[in-house]
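Load the model and keep the sequence beside it. The tour runs from the whole chain to single residues.

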Amino acid sequence: MRRGTPSPSDLAGMEAALRLARAAAVREEVPVGAVVVAEGEILGEAHNETVQRRDPTAHAEMLALQRALLAIGEDRLPTATMFVTLEPCAQCAGAIVLAKVGRVVFGAYDDQCGMAGSVYDLLRNPRLNHRPEVIGGLMAEECGDVLKRFFAARR
């Protein structure tokens, strides 16, 4: 899924998502961060807030999408890229498809819930009306380490 050397803008987008993931860990949230960028501008960003909100749907991707859509006053993001530190789950992949996000770049693969190729590939399902470009594994080690440290501290 990875293609060649990552661009400086892709690295910057993932670094921004990683900062959010680390902030989530400090708040005792599962450390996942997401950033929605279009034309070099951050439209929406978030980390998981499921514990704080007592809402299992408050994933980083969902919140970042909502904020981005609100910022532009639209219901679609065809020119945007979402950077997320963990491969999206079914809920988030569905929302990404519905919002018609142009591109998704994620860090760590999720062998338990990943819907961008690990468990299933919802993002590129040919039966759906939208399929974003997907690049997986960008800074996968750094993204995975944040999650590993978080869960190791709880055992």
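Buried here means under 20% relative accessible area, exposed means over 50%, and partly exposed is in between, with a 1.4 Å probe and protein chains only. By that cut-off, 51% of the 155 residues in the protein chain are buried. This is a predicted model, so local features need pLDDT of at least 70 and side-chain atom pairs count only at pLDDT 80 or more, while totals for chains, interfaces and linings use all residues. Residues are numbered from 1 along each chain as its sequence is written, and side-chain values use heavy atoms, with hydrogens and water left out.

Start with the fold. The protein chain has five helices and five strands. These are DSSP runs (helices H or I, at least four residues; strands E, at least two), numbered from the N terminus. Along the sequence the pattern reads α-β-β-α-α-β-α-β-β-α. The radius of gyration is 14 Å, close to the 15 Å of the globule rule for 155 residues, so the chain is as compact as a globular protein of that length. That radius is taken over C-alpha atoms, and the rule is 2.2 Å times the number of residues to the power 0.38. The C-alpha trace spans about 40 × 35 × 30 Å along its principal axes.

Next, contacts, meaning heavy atoms within 4.5 Å. Among those with a separation of 6 or more, 58% join residues 24 or more positions apart.

Now look inside. A nonpolar core is a set of buried Ala, Val, Leu, Ile, Met, Phe, Trp, Tyr and Cys residues joined through side-chain atoms within 4.5 Å. The largest one holds 51 residues, and Met-14, Val-36, Leu-65, Leu-77, Ile-96, Val-101 and Leu-123 touch the most other members. Helix H3 (residues 60-72) gives the largest share of this core, seven residues. In soluble globular proteins, nonpolar side chains tend to be buried together.

Which residues does Leu-123 contact beyond its neighbours within four places in sequence? They include Pro-88, Ala-93, Ile-96, Val-97, Val-104 and Met-115. Ala-93, Ile-96 and Val-97 are among the buried residues of helix H4 (residues 90-98), as are Cys-92 and Ala-95. The buried residues of H4 pack against H3, strand E3 (81-86) and strand E4 (103-108). After H4 comes Lys-100, with a positive phi near 55 degrees.

Strand E3 contains Thr-85. Is Thr-85 buried or exposed? Thr-85 is buried, at 1% relative accessible area. Setting aside neighbours within four places in sequence, its contacts include Met-14, Ala-17, Leu-18, Gly-107 and Cys-143.

Glu-28 is not a glycine, but its phi is positive, about 65 degrees. Glu-28 sits in the loop between helix H1 (8-26) and strand E1 (33-38). Its relative accessible area is 54%, so Glu-28 is exposed. Met-139, also not a glycine, has a positive phi of about 55 degrees. Met-139 lies in the loop between strand E5 (133-136) and helix H5 (140-152). With 10% relative accessibility, Met-139 counts as buried.

End at Tyr-120, in the loop between E4 and E5. Tyr-120 is partly exposed, with a relative accessible area of 43%. The C-alpha atoms of Tyr-120 and Gly-44 are separated by 26 Å, and the two residues are 76 residues apart along the chain.
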